[in-house]
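Subject: Structure for your review

Dear colleague,

Please find the structure below, handed over for your own work. My notes on what was found in it follow directly after.

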Amino acid sequence: MAGLPRRITKETQRLLSEPVQGISATPDENNLRYFHVTINGPKDSPFEGGVFKLELFLPEEYPMAAPKVRFNTKIYHPNIDKIGRICLDILKDKWSPALQVRTVLLSIQALLSAPNPDDPLANDVADNWKRNEAAAIKTAREWTQKYAMSGGQ
Amino acid sequence: MSEIHAMLDASNSLNIGADSALLLEKSVSVNIKEKLNLKSKLTADRQLLKTIVSPQRQSQKSKIKLELRSIVKEIAAKVTSSEINTEAHKVTAVIATLLGRSSSKIAASSKETSQGSSKVFTGSFPAMDDFSCQRCYELLYDPVTLPCGHTFCQSCLWISTMQNCVVCSKPLKQEELRLYRFNIVLVRILQKWHSVEYKGRSLTEKGINHLSKQNFGEAVKVLSEALSCVPGSHMALLHRAKAYYFLNLFDEALEDIFKVCQLAHAWPEAYYVKGEILYKLGCVEEALIAYFISLVLEPSKVCSRNKVRKILTQIIHHTEEREESDSKSLSPICRSPTNKKRSHGSCSTSPPYKLPCHLSTSSKDVVGLLGASDVFCEGVGSSNEVEEKTFKYLPHGYASELKIKSEDTCEMGSCLLHSHFPVDISYEEIRIKLEQEPVIDEKGQLIPVHLTPELESEIDRLLFNTESAVTRDLQTICNMSFNREVAVGGLLSISTTTLQRNVDQTLIDASDFECSLCMRLFYDPVCTPCGHIFCLLCIERCLDHNAQCPLCKRSMHHYMANAAESMEKLHPICDYVTKNIINQYLAVQLKERQQQHEEEIEELNQAQPIFVCTIAFPSVPCPLHIFEPRYRLMLRRCLEHNDKEFGMCMPVPGKPHHEVGTMLKVRDVTFFPDGRSVVDSAGFRRFRTSDCRVQDGYNVAKIKFIVDRKEADVDMIEQQMTVVYNDAVEWFTKLPVDTRTRIKSHFGDFPAQDNKINTENGPDWLWWVLAILPVEDRVKATILGNEDLLKRLGIFRKIFAILKRRNTER
Ligand SMILES: [Zn+2]
Ligand SMILES: [Zn+2]
Ligand SMILES: [Zn+2]
Ligand SMILES: [Zn+2]
């Protein structure tokens with residue numbers, strides 16, 4: 001295994017020295033391509049007050065290939081499925097090597113603020129969201145309380 | 001005759017050199033001011049000029065005068081026959097003579113220059129630094145970096161008709177020019193490091209825009225603002241001069257244009273504008289000098305040529321009229337020394353190029369300044385007379401005498417508005433243009449050409465047999481005039497001092513030069529058409545995966561196609577300005593970055609790249625089509641850092657690849673615009689891999705070469721080889737014709753029997769036969785990895801036995 005690419009080292013340094021508001025990303029001790037991430041639910045969203053855990057992995061081809069990100073905390077969101085996979089264009093075909101871990105995490109934070117039920121990954125959630133937004137938001141709040149608060153799993 | 005003096009003035013000043021050219025400018029300026037009833041210190045300037053003219057030069061002067069007189073005659077003749085400069089070599093000759101050199105010498109020295117000989121003069125080369133536009137010589141404004149790596153102001157690219165890059169002469173694709181966006185990194189740096197000057201440039205462009213919309217008042221206002229930011233901006237001054245001109249503020253226009261001619265004393269456009277202003281003022285002689293200098297500096301400048309032609313025509317026409325009506329009034333100064341000999345004071349046989357003596361007034365002053373006291377001044381008489389005449393013919397007098405028509409000024413106006421940059425027109429076009437505009441006198445008749453045989457021979461003699469010293473500056477200008485690529489830039493020489501813009505050290509920040517892909521200092525920066533900069537290796541790798549800019553997603557197909565056209569070097573060309581700036585201002589950081597780069601290359605060499613695709617054999621050709629992004633990267637690296645070699649292994653399920661493989665040597669590559677390539681390679685060494693891993697997407701491994709064991713019983717092996725060879729030939733000849741043709745087209749002809757024993761790979765033909773045998777690749781790989789030639793031959797015999805049996809069974 002060749003050494004860690006300098007870019008990953010640099011990104012890690014910057015993530016630690018200039019953290020983003022409401023986001024933390026810590027590299028794993030044993031694998032520096034693996035990050036433990038937490039994102040605070042954005043203000044004025046049904047996820048407010050929750051602390052969501054994610055895992056982020058930088059594949060061998062990074063930055064030519066997008067990082068792999070997954071929610072470890074259960075979340076009721078039309079673009080995030082039961083096992084935590086995220087539907088976000090920049091993680092798929094819209095990925096660009098000029099994007100960084102920081103930009104990816106910011107985009108996920110933004111996705112929590114603005115769910116997009118028209119481009120769903122979790123179809124049932126998206127359907128609920130479109131049919132009865134108020135009810136869906138209520139459920140999302142309940143899930144946040146249940147799974148993302150005070151160390152809840 | 002006055003032109004003779006005028007040209008003489010010009011030539012003297014040119015021969016003396018740049019400094020005195022400036023002084024001459026000044027003196028002429030003073031002269032004009034005098035005419036405009038401005039008080040002057042003419043005598044002081046005379047003294048100054050006299051001190052500059054060395055005694056040596058003085059002795060050469062009469063000779064130069066002789067030459068110049070004939071040039072003027074020639075030009076006058078050519079002008080009236082509307083044939084001026086139809087052939088490039090004639091222009092060469094004229095310039096050669098003007099500069100007092102033989103044309104062959106000039107041609108030779110221009111060649112030397114282009115070959116980069118030690119005789120290249122750099123003295124009056126335009127003073128620029130990395131922040132200057134190489135076309136307008138001002139600070140880069142809205143910089144656009146072309147695919148050739150050179151950067152120009154956007155306006156310089158758009159307004160002008162630049163056909164080739166003025167630096168590298170690479171042809172420009174006009175239809176693509178407007179697609180290029182500003183170099184974003186450079187814009188930021190220019191705004192940050194040179195904020196005041198950049199603002200001045202912005203105002204200048206605004207002013208030029210006002211001028212082109214004929215908002216002259218607004219143009220003056222904005223350009224004056226620009227000049228308060230950058231007092232020495234020749235662009236702002238030139239255009240303000242134009243604006244003043246259109247506002248009929250000739251005094252101010254003159255002042256500006258004199259400054260421009262000092263700042264850029266070899267800028268044809270400046271002399272042209274100067275000519276226009278002077279012409280408008282009725283200072284026809286000075287205008288003629290200016291037009292003529294402009295023409296000499298840029299022989300293809302149509303507007304200058306037309307003006308010279310027009311004025312000379314007017315003068316000659318006028319002379320002829322006057323000659324008829326009042327031949328006695330022509331003073332003896334009209335006579336050239338040669339003609340003087342012939343006619344000996346008699347006006348009856350005077351030459352056809354008589355010019356009105358009263359036109360020589362102002363230039364007489366200049367001649368006087370230069371201390372000329374020979375034939376030319378003979379006829380003038382006492383200096384008192386000169387003074388008298390000088391004031392007798394004030395601007396209005398000139399205008400009326402020459403009957404300057406109003407359409408002249410109209411034409412001049414349009415030319416001023418549109419000649420912001422020199423138009424690059426071929427001689428052919430000029431010729432056509434001139435033919436369409438024959439020289440017609442006021443009665444609508446073509447003016448006849450007078451060129452006596454004696455005069456012709458005299459011109460020939462002068463044109464080709466003259467030789468005199470030229471100053472460095474002039475030679476450079478001259479050389480440059482012949483170098484179209486440079487001359488097309490229009491602005492040949494600005495100042496003899498080198499420019500070094502000051503940069504506030506506290507503003508220098510390496511993070512302004514950070515590549516968004518590797519997050520480090522740019523290494524070999526490349527600028528995309530969308531104006532984004534990346535390290536060469538970074539952007540190349542991105543383009544392997546996706547033909548769009550990583551930052552703005554703009555398509556890069558076009559760019560890649562262009563790069564593929566000039567793919568000798570494999571890579572797109574770097575952005576020289578950014579590279580130079582980094583070199584100069586971030587030397588320490590660059591050194592560190594370079595070290596990293598070298599370490600990375602070194603790291604690549606730790607393991608062999610392995611192309612997992614098929615089975616290859618020593619000495620057998622292996623054509624490949626490379627399209628996968630990871631292998632594009634691998635191929636580029638192999639071509640550059642690995643002696644054009646890489647390993648080839650066949651895929652094996654459940655493993656990275658088969659452990660046995662063959663090194664391939666690239667013999668030829670053809671790149672396609674989309675980044676794919678076809679590689680012609682051939683195998684040469686066998687190897688076994690260990691430590692297989694993936695690096696940047698492709699496989700790499702440590703390799704150990706497979707070498708045949710030493711054989712003692714050579715005779716026995718030779719026998720065996722002959723048996724196998726004959727078996728192989730027999731089998732091959734029994735194959736269907738089309739199969740054989742296909743094999744031959746892919747692997748080449750059936751090889752001759754070479755009896756290589758105790759070499760690394762044994763006989764080559766055996767590998768060729770193995771390559772074409774209808775045997776599973778798995779079996780072939782086993783044979784490939786075998787180090788025992790005798791055993792291999794045994795396997796071949798068994799195979800052929802089986803194949804024979806199959807054939808007979810059928
Ligand atoms: Zn420019
Ligand atoms: Zn170029
Ligand atoms: Zn880079
Ligand atoms: Zn871009």
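What pattern does chain A follow when read along the sequence? The order is α-β-β-β-β-α-α-α. Please bear in mind throughout that this is a predicted model.

**The two chains**

The secondary structure of chain A amounts to four helices and four strands. Of its 153 residues, 46% are buried. Among the contacts in chain A with a separation of 6 or more, 54% come from residues 24 or more positions apart.

Chain B has 810 residues, of which 56% are buried. Its secondary structure comprises 36 helices and ten strands. Residues 24 or more positions apart supply 70% of the contacts in chain B with a separation of 6 or more.

As to nonpolar cores, the largest has 105 residues, and the members that touch the most others are Phe131(B), Phe152(B), Trp193(B), Ile277(B) and Phe513(B). Another core lies apart from it and has 38 residues, including Phe52(A), Phe71(A), Val101(A) and Ala140(A).

**The interface**

How many residues does each chain bring to the contact? Chain A contributes 17 residues and chain B contributes 21 residues. The area buried between chain A and chain B is about 1,600 Å², with 51% of it given by carbon and sulfur atoms. On the side of chain A, the residues that lose the most area to chain B are Arg6(A), Glu61(A) and Met64(A), which together make up 35% of what that side buries.

Between the two chains there are three salt bridges, and ten residue pairs are in polar contact, with both residues at pLDDT 80 or more. The side of chain A that touches chain B is made up, by class, of seven nonpolar, two polar and eight charged residues.

**Salt bridges within the chains**

Side chains of opposite charge can pair when their charged atoms come close. Over all chains, the structure holds 37 salt bridges.

In chain A, the side chains of Glu55(A) and Arg70(A) form a salt bridge at 2.9 Å, N to O. Glu55(A) lies in strand S3 (residues 51–57) of chain A and Arg70(A) in strand S4 (residues 68–71) of chain A, so this pair ties together parts that are 15 residues apart in sequence. Why is Arg70(A) counted as partly exposed? Its relative accessibility is 31%, and the partly exposed class runs between the buried limit of under 20% and the exposed limit of over 50%.

In chain B, Glu659(B) pairs with Arg688(B) in a salt bridge, and their closest N and O atoms are 3.4 Å apart. This pair links distant parts of the chain, 29 residues apart: Glu659(B) is in the loop between strand S7 (645–649) and strand S8 (660–671) of chain B, while Arg688(B) is in strand S9 (residues 677–695) of chain B. Glu659(B) is partly exposed, at a relative accessible area of 38%, and Arg688(B) is likewise partly exposed, at 30% relative accessibility.

Asp674(B) and Arg676(B) form a further salt bridge, with the closest N and O atoms 2.8 Å apart. Asp674(B) counts as partly exposed at 35% relative accessibility, and Arg676(B) is partly exposed with a relative accessible area of 27%.

**Arg637(B)**

Is Arg637(B) buried or exposed? Arg637(B) is buried, because its relative accessible area is 18%, and buried means under 20%. This residue lies in helix H31 (residues 629–641) of chain B. The side chain of Arg637(B) makes a polar contact of 2.7 Å with the side chain of Asp696(B). With neighbours within four places in sequence left aside, Arg637(B) is in contact with Leu604(B), Asn642(B), Gln695(B), Asp696(B) and Tyr698(B).

With kind regards

Terms used:
Residues numbered from 1 in each chain as written. Chains lettered and ligands numbered in written order. Heavy atoms only, no water. Contact = heavy atoms within 4.5 Å. Buried area = accessible area lost by both parts, 1.4 Å probe. Salt bridge = Lys/Arg side-chain N within 4 Å of Asp/Glu carboxyl O. Polar contact = N/O pair within 3.5 Å; in protein donor to acceptor, adjacent residues only side chain to side chain. Nonpolar A, V, L, I, M, F, W, Y, C, P; charged D, E, K, R; others polar. Core = buried A, V, L, I, M, F, W, Y, C linked by side-chain atoms within 4.5 Å. Buried < 20%, exposed > 50% of the residue type's maximum accessible area, 1.4 Å probe, protein only. Helix = DSSP H or I, 4+ residues; strand = E, 2+ residues; numbered from the N terminus.
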